[in-house]
Amino acid sequence: MTSSAVVVSVSATYLVACLAIGMWPSKRTSDSATGYVAGDRSLGTLVMYFITGATIFSAFAFLGMPGWAYSRGVAGLYILAYGALGFLPFYFLGPRAARLGRHYGFVTQAEMIAARYSMPAIAGVMAVISVMAFVPYLALQMKGAGYVLETVTRGGIEQWQGAAIVYGVVLAYVLKSGVLGVGWTNTFQGIFMMALAWFMGLYLPQLLYGGIGPMFERIANERPELLRAPGLTSTGAPWAWSEYSSTVIVSILGFSMWPHLFMKAYTARSERTIRRTVVLYPTFQIFLVPILIIGFAGVLFEPAPPRADQILPHMMMHTELPAIVVGLFCAGALAASMSSGDAMVHAAASIVVRDGIATAFGKELDPHKERAWIRRLVVVVMLGSYALAISYRGSLAGLLIYAYGPVTQFFPAVVATLYARRISGAAVFGGLCAGIVVNTWFVVSPESRPFAIHAGAYGLAANVVTLLVLSRLTRPCSDDAFLCVAGTPPG
Amino acid sequence: MSALRSHCALAAYVVVCLTAISWPGYAWIGDRVRPTILGLPFVFAWNVLWVLLSFVAVALYDRSLERVRRDP
């Protein structure tokens with residue numbers, strides 16, 4: 001048993017350090033929306049690398065993923081599977097989007113698509129879909145932060161209070177310094193988390209089982225079903241191959257569509273930076289390996305945690321670890337939650353303002369007004385997600401898999417915008433609407449699915465079919481200048 | 001290597017990788033506990049392997065295209 005007081009003070013010190021680092025760069029960006037949202041298009045490879053990496057290294061990675069390895073076995077490996085190819089589409093889409101961003105001044109993907117088809121309504125529907133994806137994802141991060149604080153204080157700080165404290169800090173630094181603050185904070189956190197993950201992933205199996213090999217030997221003997229691909233469902237039945245495979249594919253297509261990741265095309269200094277970030281991305285996946293191992297270390301651990309998602313902090317509190325190590329680790333988990341949460345809330349707010357208010361409703365906003373609106377929306381999105389976080393009772397991973405359904409619906413629209421000549425705006429709009437409606441239908445009533453396939457895959461099928469059929473029926477938008485900009489490398 | 005050959009090689013890799021990390025490659029080849037690799041059950045090592053292979057494949061693709069971009 002580890003001392004709560006030391007753990008809490010180490011975590012608190014860490015939060016203060018985050019705040020200091022997050023505030024620092026706010027002096028350097030210009031006071032326009034481009035400065036606040038796109039960081040004046042100046043992020044280099046190192047910062048880009050850690051932003052994308054640490055954004056993925058979320059509360060899901062530190063809590064939801066070990067929670068899955070613990071309760072659903074190799075199902076947790078799905079994050080490695082989709083991470084292998086997940087960022088690859090961005091290698092092609094990112095540089096094209098960046099050229100358009102520079103030429104036309106876009107800072108969000110919906111702005112780009114709406115401009116291509118001269119159809120502001122597309123930006124409106126994309127803003128709605130983005131919020132549908134962001135709110136559960138952000139709620140996941142908040143809930144995760146709440147779980148950490150609840151566990152380390154042994155229930156002294158309850159989950160809802162913990163989430164409020166941590167996200168108060170996030171709110172402060174996002175309001176103060178926008179994306180560059182987010183960037184530097186992530187760089188700092190990324191390095192910190194990697195070191196800790198490796199240490200714990202090697203140390204815990206050694207301490208509890210005498211090594212990684214003996215640990216899996218015991219799991220294979222006592223709980224063999226956990227090591228049968230593709231793992232178990234939340235009820236403990238074997239997961240269907242069709243559902244596993246479709247979840248992996250939906251996640252691969254959806255991953256680079258996350259607006260907070262896609263927007264990085266507009267913040268990158270150069271196309272080289274974007275490509276290099278994509279190439280290096282799988283190296284971040286490797287850092288998930290020790291975290292999965294930690295989750296498996298919990299399988300035969302006594303006492304069992306109150307909830308599967310708490311397995312990691314729970315185990316740390318119940319082993320004879322120095323309090324400072326537990327404190328640093330919990331700080332790492334909080335950092336993971338915060339670094340994903342800040343990027344998301346920031347992206348969600350910018351999207352509602354720029355795509356919803358400015359583009360779809362045609363409201364003229366000068367840069368300072370726009371920035372003020374983004375700040376207001378940051379607060380609104382935070383409160384909405386917080387409400388979901390404290391009322392939702394399912395698993396963290398459940399929230400993530402739900403969030404991928406809506407966000408994957410952007411894929412056909414983005415590909416059409418950047419590559420296709422013979423697609424119309426009405427078709428893109430219709431595809432997005434059909435996709436999100438079908439996805440939502442099957443999320444709400446999963447038993448009505450004809451086959452056990454991820455709801456987002458049904459949405460995607462409806463989306464693509466509608467897109468192609470409507471394009472045949474309507475006049476295509478042939479803006480050749482646009483595609484020409486997208487296809488011409490700078491210099 | 002010409003740009004076209006690089007594109008084709010990458011496309012082929014993506015197809016193979018997709019089948020290896022989902023059905024059927026994962027079910028037929030990846031789904032076993034033994035042999036263990038560095039203490040990890042085979043099913044775990046299989047997924048790690050495809051992450052590493054993807055890194056190598058995309059890095060090689062990027063290098064060959066970068067050469068074309070610099071010297072078309």
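Select A45(B) to start. A45(B) touches I37(B) and L40(B), leaving aside residues up to four places away in sequence. This is a predicted model. A45(B) sits in helix α3 of chain B, residues 42-70. Is A45(B) buried or exposed? A45(B) counts as buried, because its relative accessibility is 11% and the cut-off for buried is under 20%.

The peptide bond from R34(B) to P35(B) is cis, with omega near 0°. P35(B) belongs to the loop between α2 (25-30) and α3. Next pick L38(B), which is also placed in the loop between α2 and α3 of chain B. L38(B) is not a glycine, yet its phi is positive, about 50°. L38(B) has a relative accessible area of 83%, so it is exposed.

**The contact between the chains**

Show both chains. The contact takes 35 residues from chain A and 32 residues from chain B. Together the two chains bury about 2900 Å², with 75% of that on carbon and sulfur atoms. Which three residues of chain A supply more of its buried area than any other three? Select L85(A), W241(A) and V279(A): they supply 18% of the area that chain A buries against chain B.

**The second largest pocket**

Select R99(A), E271(A), R275(A), P489(A) and R69(B). Of the 22 residues lining the second largest pocket, these are the closest to its centre. The pocket holds about 490 Å³ of space. Colour α6 (88-104) and α14 (271-286) of chain A, then α1 (3-21) and α3 of chain B; each supplies at least two lining residues. α6(A) gives the most, with seven residues. By class, the lining has eleven nonpolar, four polar and seven charged residues.

**The largest pocket**

Move to the largest pocket, with about 710 Å³ of space. It is lined by 30 residues, and R72(A), S234(A), S395(A), G398(A) and I401(A) are the closest to its centre. Now colour α4 (59-72), α11 (241-255), α19 (396-408) and α21 (425-444) of chain A. These are the elements that give two or more residues to the lining. Which of them gives the largest share? α19(A) does, with five residues. The lining of the largest pocket has 13 nonpolar, eleven polar and six charged residues.

Select S118(A), in the loop between α7 (109-116) and α8 of chain A. S118(A) has phi near 45°, a positive value in a residue other than glycine. S118(A) counts as exposed because its relative accessibility is 65%, and exposed means over 50%.

Follow α8, residues 120-152, to E150(A). At 17% relative accessibility, E150(A) counts as buried. Show its neighbours: E150(A) touches G155(A), I157(A), E158(A), Q159(A), R307(A) and Q310(A), again leaving aside residues up to four places away in sequence. Zoom in on Q159(A). Its backbone nitrogen is 3.1 Å from a polar atom of the E150(A) side chain.

**Last stop: a cis proline in chain A**

Select E302(A) and P303(A). A cis peptide bond joins them, with omega about -5°. P303(A) lies in the loop between α15 (288-297) and α16 (311-318) of chain A.

Conventions: Residues are numbered from 1 along each chain as its sequence is written. Chains are lettered from A and ligands numbered from 1 in the order in which they are written. This is a predicted model: local features need pLDDT of at least 70, side-chain atom pairs count only at pLDDT 80 or more; totals for chains, interfaces and linings use all residues. Side-chain values use heavy atoms; hydrogens and water are left out. Helices (H or I, at least four residues) and strands (E, at least two) are DSSP runs, numbered from the N terminus. Buried means under 20% relative accessible area, exposed over 50%, partly exposed in between (1.4 Å probe, protein chains only). A polar contact is a pair of N or O atoms within 3.5 Å; within protein, one must be able to donate a hydrogen and the other to accept it, and residues adjacent in sequence count only if both atoms are side-chain atoms. Contact means heavy atoms within 4.5 Å. On a 1 Å grid over the protein atoms alone, a cavity is a set of points where a 1.4 Å probe fits but cannot get out, and a pocket is an open set with protein on both sides within 12 Å along at least five of seven lines; lining residues have an atom within 4 Å of a point. Grid points are joined across faces, edges and corners, and a volume is the space filled by probe spheres set on the points. Ala, Val, Leu, Ile, Met, Phe, Trp, Tyr, Cys and Pro count as nonpolar, Asp, Glu, Lys and Arg as charged, and the others, Gly among them, as polar. Buried area is the accessible area (1.4 Å probe) that two parts lose on being put together, summed over both.
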